[in-house]
Amino acid sequence: MAENAWLNFRCETDKKTRIATFRHVGSEWLLSEVGADTVPEEATMPGRVTMTGSFGMAGDYPGCPGCGADKYVRCHCGELACWRSTTTHHTCPSCGNHGKVEGAIASLDAMEIG
Ligand SMILES: [Zn+2]
Ligand SMILES: [Zn+2]
């Protein structure tokens, strides 16, 4: 039973938006890849589907295509962005909020789940 979810993913370094693919494994959503192609800033999300559960990384995740960051964070504004786990702070490329990375992601808004 393969289930995937797609959502917008922003690079903290180049500030571009790409599409992330999450794989549903058991009760976990694992980030498996982020597409190389960027999507236009003004592109609207076709829908919002709430994904709940725990969120992690697929073992073969190659890193952010924009900067190679190994992890990701969800900002209070709801946007998903890349994050280097070697740093303790993050600046959101969408809203500019800067803060310490803490806690766990409880839900994410996907464009589509299929
Ligand atoms: Zn990045
Ligand atoms: Zn934000």
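Because the model is predicted, local features are reported only at pLDDT of at least 70 and side-chain atom pairs only at pLDDT 80 or more, whereas totals for chains, interfaces and linings use all residues. Residues are numbered from 1 along each chain as its sequence is written, and chains are lettered from A and ligands numbered from 1 in the order in which they are written.

The chain contains 11 strands and zero helices, where strands (E, at least two residues) and helices (H or I, at least four residues) are DSSP runs numbered from the N terminus. The order of elements along the sequence is accordingly β-β-β-β-β-β-β-β-β-β-β. The radius of gyration, taken over C-alpha atoms, is 13 Å, which agrees with the value near 13 Å that a compact globule of 114 residues would have; the globule rule applied here is 2.2 Å times the number of residues to the power 0.38. Along the principal axes, the C-alpha atoms fill a box of roughly 35 × 30 × 25 Å. Of the 114 residues, 24% count as buried, a residue being buried if 20 or more other C-beta atoms lie within 10 Å of its own, exposed if 12 or fewer do, and partly exposed in between, with C-beta atoms placed from the backbone. Two residues are taken to be in contact if their C-beta atoms, placed from the backbone, lie within 7 Å; among contacts between residues at least 6 apart in sequence, 53% join residues at least 24 apart.

Strand pairing, which requires that DSSP find at least two bridges between two strands, was examined next. Strand β1 (residues 4-10) runs antiparallel to strand β2 (residues 17-25) and is joined to it by seven bridges, with asparagine 4 standing opposite arginine 23 in β2. These two strands form a hairpin with six residues between them. Lysine 15, which lies in the loop between β1 and β2, has a phi near 65 degrees, a positive value in a residue other than glycine; this lysine counts as partly exposed because it has 13 C-beta neighbours inside 10 Å. Strand β1 also pairs in the antiparallel sense with strand β11 (residues 112-113) over two bridges, and here alanine 5 stands opposite isoleucine 113.

A second hairpin is formed by β6 and β7, with five residues between them and with glycine 78 in the turn at a positive phi of about 100 degrees. Strands β6 (residues 71-74) and β7 pair in the antiparallel sense over four bridges, and the bridge partner of valine 73 in β7 is alanine 81. In a regular strand the side chains alternate between the two faces of the sheet. In strand β7 (residues 80-83), Leu80 and Cys82 point one way and Ala81 and Trp83 the other way, and all are buried.

Leaving aside residues up to four places away in sequence, tyrosine 72 touches Leu31, Leu80, Ala81, Cys82 and Trp83.

Three further residues illustrate the surroundings of individual strands. Leucine 108, in strand β10, is buried, with 23 other C-beta atoms within 10 Å. Beyond four places in sequence, leucine 108 touches Leu7, Met51, Phe55, Arg74 and Leu80; the C-alpha atoms of leucine 108 and methionine 51, which are 57 residues apart along the chain, are separated by 5.2 Å. Valine 34, in strand β3, is likewise buried, with 23 other C-beta atoms within 10 Å, and touches Phe9, Arg18, Ala20, Cys64 and Pro65 when residues up to four places away in sequence are not counted. Threonine 17, in strand β2, counts as buried because it has 21 C-beta neighbours inside 10 Å. Leaving aside neighbours within four places in sequence, threonine 17 is in contact with Asn8, Phe9, Arg10, Thr38, Val39 and Glu41.
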